[in-house]
Amino acid sequence: MTATPPDLAPAPEPAPVPGTGAARGKVTFVGAGPAPEPAPVPGTGAACGKVTFVGAGPGAPDLLTFRAARAIAEADAVIWAASLVHPDVLRHARPDAEITDSSLVPMEAVLEVYARAGREGLRVARIHSGDPSLWGAVQEQLDHCAGLGLETEIVPGVSSFSAVAAIAQRELTIPEVAQSVVLTRLGGGKTPMPPGEEVREFARHGTTMAVFLSAARSHQLAAELREGGYPEDTPVVVAYQATWPDELVLRCTLATLEETVKEHRLWKHTLFLVGPALSASGTRSHLYHPGHFHTFRRADPEARRRLRGSGSAR
């Protein structure tokens, strides 16, 4: 076999020069099916924008995650709700970023920003309070972005129920007391509840509940919690504007829930934590018991025997 001299070998194709209009290169994956489509190029008319749905947390701007701050800093356009998100979150935005207050416009105006992002290849940060996956109207926006051919990403945020538990310094899932947390809201508001999702039905479990968007109907909330089986002395944490400068966190019982809410004139931005875990003492964790073993730690033999004897070994 005769080798081809280097000076006679075919020259490699030159790399396309940005801005010349030349088509991008293509890589063929042998045995891996058809090659992927090349990434759209800004300015060519192809949809190539991106919308990142950013969870801003419950209020305090320093609860924003690093990823959330980066998404805001990289955005050409930032959409936020001044009625729900702390203004200091915007400190992460570029000076030249386009800022839209979504509390002043209908959803159609927000969707128009997405459409322009597709036409112009813009990066949009859509900031939601708390975590976008909870009561954020995110799914309809994701569906719309998919129809526009936009890339999307969701950056999770700290939910207010987690923030309130932290402020109250309570664990919501204490072993042998409560191992579930129900996140829900009271029916009868602007959005109807699906059948079987009434507060009274969830209350029958007797576990920890986090009830959102319900302060304006505290009488109905207390009634449904009672109907579900919670006793009058069930502990309740009522939190208004958690982590904001005007934060107010109150402790009461189911018996005084309605009275507490009305006394402080709470009707919005209020979360309720309900359940026996809010006053229960902690129980011994089996995970950290010397008789328990897992991938990273061996059990002490004598402690293991004692744990087995108690019927608690798992």
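Here is a short tour of this predicted model, one selection at a time.

**Before you click**

Residues are numbered from 1 along each chain as its sequence is written, and side-chain values use heavy atoms, with hydrogens and water left out. As the model is predicted, local features need pLDDT of at least 70 and side-chain atom pairs count only at pLDDT 80 or more, while totals for chains, interfaces and linings use all residues.

**The whole chain**

Start with the protein chain in cartoon view: you'll find eight helices and ten strands. Helices (H or I, at least four residues) and strands (E, at least two) are DSSP runs, numbered from the N terminus. Of the 314 residues, 37% count as buried, meaning under 20% relative accessible area (1.4 Å probe, protein chains only).

**Stop one: the parallel sheet**

Select β1 to β5. These five strands form an open sheet in the order β3-β2-β4-β1-β5, with parallel pairing; two strands pair if DSSP finds at least two bridges between them. Which strands sit at the edges? They are β3 (98-101) and β5 (151-155), each pairing on one side only. From one strand to the next, the twist averages 15°.

Zoom in on β2 (residues 77-80): four bridges join it to β3, and the two run parallel. Pick I79 and you'll see T100 of β3 standing opposite.

Axes here are lines fitted to C-alpha atoms, for helices over the stretch in contact, and angles run from 0 to 180 degrees between N-to-C directions.

**Stop two: the mixed sheet**

Next, select β6 to β10. This open sheet of five strands has the order β6-β7-β10-β8-β9, with mixed pairing. Its edge strands are β6 (181-185) and β9 (248-253), and neighbouring strands are turned by 20° against each other on average, direction ignored.

Follow β6 to β7 (residues 208-212): five bridges join them, running parallel. Click V182 and look for its bridge partner in β7, M209.

Finish with α4 (residues 160-168), which packs on this sheet and touches β6, β7, β8 (235-240), β9 and β10 (270-274). The direction of α4 makes about 65° with that of β10.

Definitions and conventions
Buried < 20%, exposed > 50% of the residue type's maximum accessible area, 1.4 Å probe, protein only. Contact = heavy atoms within 4.5 Å.
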